[in-house]
Amino acid sequence: MFSHRWRFGSNRFTEVDLFTDRHETTAETLSQAIRDTAAEEPDADGSVLFGSLQGTVVGLRYYTGVVNRGEMVGLVRQPQNPYDPNAVMVANIYGNQVGHIKRELAAAMASVMDRSLAKVEGVVHSGTKNSFNMPVMLSFWGKEENKTAVIETMARRGYKLNMGGSKPTGTNLKNAFDTLFEGLMESIDGEKEAAKAVGTPLLPHQKQALSWMCARENKSALPPFWEKRGELYYNSLTCFSAKEIPERVRGGILADDMGLGKTLTTIALILTNFHKGKPLPVEECVSVAVHECVCLFFQSECSLSDLCSILIKCLFTCVQEEKSSPMKTKTKAQKASKLQVFLEDLDFAAALGGSASDISSKKKKIAKKATPTPSEFGQCIFSLYVSCTHVLCFLPLSMQDQFEQHVRANVKLNVYLYYGPDRNRSKKFLSSQDVVITTYNVLSADFGNKSPLHGINWLRVVLDEGHVIRNPNAQMSKAVLDLKTQRRWILSGTPIQNSVKDLWMLLAFLRLKPFDVKEWWNRVIQRPVTQGDRAGLQNLQTLVKCITLRRTKSSEVNGRPLVSLPEKTVCVEQVELSQPEREEYELARNEGKNTIGRYVAEGTVLRNYADVLAILMRLRQYCCHPDLLAKTSSDLGSAAATPAELRERMIEKLRLVLASGSDEECSVCLDSVRLPVITRCAHVYCRPCIAQVISNEQVHARCPLCRSEIKTSELVEFPQDEMEEESSTNSEKWRTSSKVQALLGNLLRLRCEDSSIKCLVVSQFTRFLTVLETPLREHGFSFVRLDGNMSQKRRAQVIQEFQSSAADSPAIMLLSLKAGGVGLNLTAASRVFLMDPAWNPATEEQCIDRCHRLGQKKKVVVTKFIVKDSVEESMVKIQRKKQDLVEKAFGPTNTDRKTSRIDDIKALMEL
DNA sequence: ACCGCCGGGTGCC
DNA sequence: ACCGCCGGGTGCC
């Protein structure tokens with residue numbers, strides 16, 4: 001497990017080097033080795049203490065590692081040691097070797113450790129008394145079933161394990177743990193204004209967050225548990241001390257609730273805190289700047305000298321651009337000469353009336369910047385914005401939207417979306433960007449494959465929705481940990497999902513020493529906390545408090561609520577089907593009921609799940625509008641066809657199911673499904689997850705959910721660009737439906753009452769949105785449409801148009817339920833019409849939150865249209881049941897999910 | 001003296 | 001290491 005890094009046999013020089021070299025370089029290798037060993041260890045959760053014994057550490061004088069009284073040490077097997085294959089090395093927290101365990105004891109320990117019967121931990125209670133050896137208290141930990149084997153192995157060689165007196169308190173600290181992230185606001189001191197380039201004004205709590213983030217990046221306060229003792233820095237948790245100031249964490253966790261503006265605050269940070277607390281130098285589009293400055297001058301908010309400097313800058317830029325018109329990209333030399341000219345404007349401005357001393361100090365500061373050192377320019381000016389999403393192609397786009405939205409239009413910020421097959425992999429190019437946005441998937445796909453992102457020394461890496469990478473064994477997490485950067489941030493609305501365990505990945509990413517090495521994390525935090533040790537929990541709390549800022553929607557600042565969202569009311573409007581609609585619906589319903597009833601009787605519901613969902617889909621579509629049904633599905637029940645046709649129909653059905661957005665989580669990884677594929681039995685998994693299952697079980701592969709046979713060839717992928725064919729074909733044959741009329745009634749009434757109110761009209765069926773376009777156009781509504789198929793450019797355009805407050809801006813947005821990521825901001829709307837119920841109520845909530853969020857000034861009214869006596873009503877009932885379940889306890893387990901599905905279907909069909 | 005004793009060299013694994 | 005251990009020098013009292 002560890003030998004791969006210590007290859008002695010093959011190379012004599014390595015052998016000599018590693019064991020005679022006393023310089024710090026070994027420490028690096030050593031901590032890496034410890035890290036590697038620890039990473040493969042199982043979690044410390046289930047470990048019990050077998051006993052302890054006093055041992056001896058020898059050979060202290062050969063190594064640089066020092067230890068204090070009470071300090072913890074690590075014990076690492078060294079099977080390739082040329083003098084003794086049983087060697088056990090002793091190292092301190094920083095991974096510096098301290099010595100070896102005495103030979104005879106090492107032999108006994110090796111026999112235990114090599115068979116993974118126990119982990120051995122050491123504490124040096126007495127400290128170092130002489131320079132040759134010292135006593136160490138060794139404690140043996142492992143699984144209960146290995147206890148006797150360990151005790152016997154040690155006893156056989158003459159070592160008796162004693163049970164120490166201190167037993168874990170065992171109190172239940174679960175509740176205390178739940179409150180871990182509460183009351184984390186004490187560390188906030190003051191507010192900070194964002195740099196000018198940030199276009200959106202920050203709210204007070206966002207200025208506080210910005211101030212806190214800048215302080216975390218710039219201030220050199222000691223990390224938690226460190227104190228200065230004389231000339232040394234001492235860690236009170238591990239008792240480790242060092243001459244050098246401990247490496248501090250530049251960054252932390254911003255764990256504010258959703259909707260408090262984490263993204264905006266982060267964008268403000270990127271622009272405001274570039275180098276030594278100074279903002280990111282960005283170029284302004286001068287003509288706009290001049291205009292603004294002249295305005296400010298007349299409002300006497302801008303001095304004459306400022307105005308002059310801007311004017312000169314403008315002049316200069318025009319000349320410069322004239323000279324170098326064919327070359328759009330600016331070289332460093334050009335940038336520097338530009339700055340040089342800027343200095344001259346300042347002089348000129350000073351001559352015109354600015355205070356001379358003031359100007360000269362300004363000049364000095366700028367002069368410093370004008371001659372950038374390679375490290376300042378070549379390495380530091382770039383921020384990486386890593387983000388992630390369930391539907392991976394959406395969120396980075398919306399992140400890019402957010403930059404466009406929050407950065408002043410006159411500021412030229414180079415934001416590159418590192419995504420897609422044609423992404424520019426040039427390190428040089430990426431390094432020249434101000435911000436690079438990518439997804440966890442792209443990052444991990446590149447990892448280990450000459451990844452350009454891993455070859456750049458970033459200034460700052462921000463992990464959006466950072467809780468997603470909580471599993472440290474995942475490739476994605478490893479890829480993230482391997483990024484090189486000075487500053488590290490994690491944005492997360494839910495910092496701890498299940499347990500203390502999830503925190504480790506976050507701390508490891510932040511490089512909070514020594515906890516980034518799993519062994520120390522386990523020993524100092526995780527095990528004490530899971531075993532109910534109050535001090536351990538206290539330490540964890542201190543730790544989290546130091547690096548985390550978390551406010552909730554109900555938090556208060558200076559006695560005032562952080563954000564007060566306007567009231568939201570949700571009402572359900574029942575829709576009665578017309579006589580012909582009802583007849584058509586009942587026909588389909590009876591047919592479906594018969595089919596499903598047969599499946600229920602045969603017990604083959606899950607095996608024919610795709611068919612079942614397709615039937616339900618048809619009914620749901622009938623409820624909206626009869627034309628939603630794809631023409632192809634009308635002949636579904638018809639007689640025999642060729643196998644190829646059958647398969648074609650099957651795929652069509654599956655596509656229908658997937659496109660309907662019945663959002664699922666993958667039962668293999670238990671996370672939101674990524675790269676969704678659907679099986680023949682209509683269960684949705686991540687492609688990599690199910691491919692793993694199939695390759696494990698080979699020919700006998702069965703669906704993990706219903707045990708139907710599955711084949712790779714039958715997996716159907718999520719259709720990326722679906723249903724684009726028909727848009728204007730049947731506009732002359734357009735007909736209405738009860739639901740369309742219900743919506744129109746509301747919209748017309750609203751236009752009379754208050755024409756300034758903007759609406760979201762939401763449906764899961766993009767086809768329905770298309771149907772709705774006709775009557776909206778006829779009644780003279782101005783509207784835009786946003787769905788998942790639109791190009792990012794078009795999306796940004798549409799959002800901007802809709803959000804605009806101009807008189808001729810669109811009043812209605814036709815929105816596909818799942819279009820856009822969580823970041824999508826549609827606060828211009830205050831009225832929401834949900835045209836059809838979703839399987840998952842949370843999806844509806846999320847959609848509503850796109851307008852009921854920070855920045856919403858008006859009361860929000862939501863109307864849900866539900867067709868009376870239909871499958872929609874049954875869906876609402878099931879929604880409510882699920883909501884109760886979620887509120888009562890945790891979600892249903894995987895096993896009863898199966899049965900509850902069947903129950904759901906029976907309820908839906910009134911069987 | 002195939003011992004004992006002395007005192008210098010030496011020292012992790 | 002103010003130890004133990006090794007091995008060479010040495011040798012009545």
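Trainee: What percentage of the 911 residues in chain A do buried residues make up?
Mentor: The model is predicted, and burial here means under 20% relative accessible area. Of the 911 residues in chain A, the share that is buried comes to 51%.

Trainee: Which percentage of the accessible surface of chain A belongs to carbon and sulfur atoms?
Mentor: The accessible surface of chain A is about 43600 Å². The part of that surface belonging to carbon and sulfur atoms is 53%.

Trainee: What does helix α18 span between its end C-alpha atoms?
Mentor: Helix α18 covers residues 518–530, and a straight helix of 13 residues would span 18 Å at 1.5 Å a residue. Helix α18 bends by about 30 degrees at Val524, with Pro528 following within four residues. Between its end C-alpha atoms, α18 spans only 15 Å.

Trainee: How many of the 13 residues of α18 are buried?
Mentor: Val524, where the bend lies, is among the buried residues, as is the proline Pro528. Trp520 and Trp521 are also included among them. Helix α18 is mostly covered, and the number of its 13 residues that are buried is 12.

Trainee: Is Lys428 buried or exposed?
Mentor: Lys428 lies in helix α14, residues 427–431. Exposure requires over 50% relative accessible area. Because its relative accessibility is 73%, Lys428 counts as exposed.

Trainee: What distance separates the C-alpha atoms of Lys428 and Ile456?
Mentor: Lys428 and Ile456 are 28 residues apart along the chain. Their C-alpha atoms are separated by 9.0 Å.

Methods
Residues numbered from 1 in each chain as written. Chains lettered and ligands numbered in written order. Predicted model: local features only at pLDDT ≥ 70, side-chain atom pairs only at ≥ 80, totals over all residues. Heavy atoms only, no water. Helix = DSSP H or I, 4+ residues; strand = E, 2+ residues; numbered from the N terminus. Expected span 1.5 Å × (residues − 1). Bend = angle between axes of the 7 residues up to and from the residue. Buried < 20%, exposed > 50% of the residue type's maximum accessible area, 1.4 Å probe, protein only. Areas by Shrake-Rupley, 256 points an atom, 1.4 Å probe, with all protein chains shown as cover.
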